[in-house]
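Here are some notes to read with the structure open beside you. Take the points in order, and find each residue as you go.

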Amino acid sequence: MKRSILIVFCLTVSFLANSQSNSKLYTYKQFGNTYVVSIQNHSEITKAITAFVKKLDIKAGTISGLGAVNEATLRILDPATKKFVDKTFTEQMEITNITGNISQQNDKHYIHMHVTLGRSDYTALAGHLLTAKINGAGEFVIESFEGTVNRYSDEDTGLNLYKF
């Protein structure tokens with residue numbers, strides 16, 4: 001009996017911890033099929049958006065946003081080798097634009113985002129966004145589409161492309 005109570009207690013604590021961690025990542029307001037999402041300061045953007053999309057089970061849509069970060073890992077594809085090159089930047093930067101989409105691959109949510117980041121010397125960095133940590137504000141608009149958009153892995157390009 002004590003063991004059963006302990007197991008139920010542990011599962012409850014685990015559930016509450018997971019739901020609290022998502023609620024600490026973002027807040028949002030819904031307008032029809034459009035969501036205005038505020039990612040909390042010091043939260044990681046990709047983690048927050050993925051948690052949001054999974055929570056609402058959005059299988060197709062678009063993402064746009066802006067804000068500020070102090071760390072970001074970007075990715076560029078080398079088409080000759082079909083390999084990705086990742087680079088991390090650790091400095092205060094303005095998100096001048098995030099553009100992305102939501103789809104499915106292998107029955108899992110697939111978030112694809114590109115970012116342009118402004119540096120203090122007014123130069124810009126750009127690439128596929130792997131991770132970025134909010135340092136200030138993170139303001140996003142996510143539009144959900146009815147239906148599902150799927151992806152497949154294309155061997156010719158090395159990319160995950162839409163499958164219609």
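1. Start at the surface, where Phe31, Val36 and Val141 form a nonpolar patch. Together these three residues have about 240 Å² of accessible area. Please keep in mind that this is a predicted model. Phe31 sits in strand E1, which covers residues 26-31. How exposed is Phe31? Its relative accessible area is 48%, and because buried means under 20% and exposed means over 50%, Phe31 counts as partly exposed.

2. Now for the charged pairs. Side chains of opposite charge can pair when their charged atoms come close. How many salt bridges does the structure hold? There are three, and the next points take them in turn.

3. One of the salt bridges joins the side chains of Lys59 and Asp57, with 3.8 Å from N to O. Lys59 is partly exposed at 30% relative accessibility, and Asp57 is partly exposed at 42%.

4. Next, look at Arg75 and Asp86, whose side chains meet in a salt bridge of 2.7 Å, N to O. This pair links distant parts of the chain: Arg75 belongs to strand E3 (residues 61-78) and Asp86 to strand E4 (residues 83-89), eleven residues apart.

5. Glu91 is partly exposed, with a relative accessible area of 26%, and Arg119 is partly exposed with a value of 26%.

6. Let us turn to empty space. Rolling a probe the size of a water molecule over the atoms shows where empty space is left. The largest pocket holds about 430 Å³ of space. Its lining is made of 20 residues, and those nearest its centre are Phe84, Tyr110, His112, His128 and Leu159.

7. Which elements give two or more residues to the lining of the largest pocket? They are E3, E6, E7 and strand E9 (159-163). E6 provides the largest share of that lining, with six residues. Sorted by class, the lining of the largest pocket has ten nonpolar, eight polar and two charged residues.

8. Leu77 has its place in strand E3. With a relative accessible area of 22%, Leu77 is partly exposed, because buried would mean under 20%.

9. Finish with Tyr152, which lies in strand E8 (residues 150-154). Tyr152 is partly exposed, having a relative accessible area of 32%. How far apart in space are Tyr152 and Lys163? They are 6.1 Å apart, C-alpha to C-alpha, and eleven residues apart in sequence.

Terms used. Residues numbered from 1 in each chain as written. Predicted model: local features only at pLDDT ≥ 70, side-chain atom pairs only at ≥ 80, totals over all residues. Heavy atoms only, no water. Patch = residues over 30% accessible without salt bridge, like charges linked within 9 Å, V, L, I, M, F, W, Y side chains within 5 Å. Areas by Shrake-Rupley, 256 points an atom, 1.4 Å probe, with all protein chains shown as cover. Salt bridge = Lys/Arg side-chain N within 4 Å of Asp/Glu carboxyl O. Helix = DSSP H or I, 4+ residues; strand = E, 2+ residues; numbered from the N terminus. Buried < 20%, exposed > 50% of the residue type's maximum accessible area, 1.4 Å probe, protein only. 1 Å grid on protein atoms, 1.4 Å probe; cavity = no way out; pocket = protein on both sides within 12 Å on 5 of 7 lines; lining within 4 Å. Points joined across faces, edges and corners; volume = space filled by probe spheres on them. Nonpolar A, V, L, I, M, F, W, Y, C, P; charged D, E, K, R; others polar.
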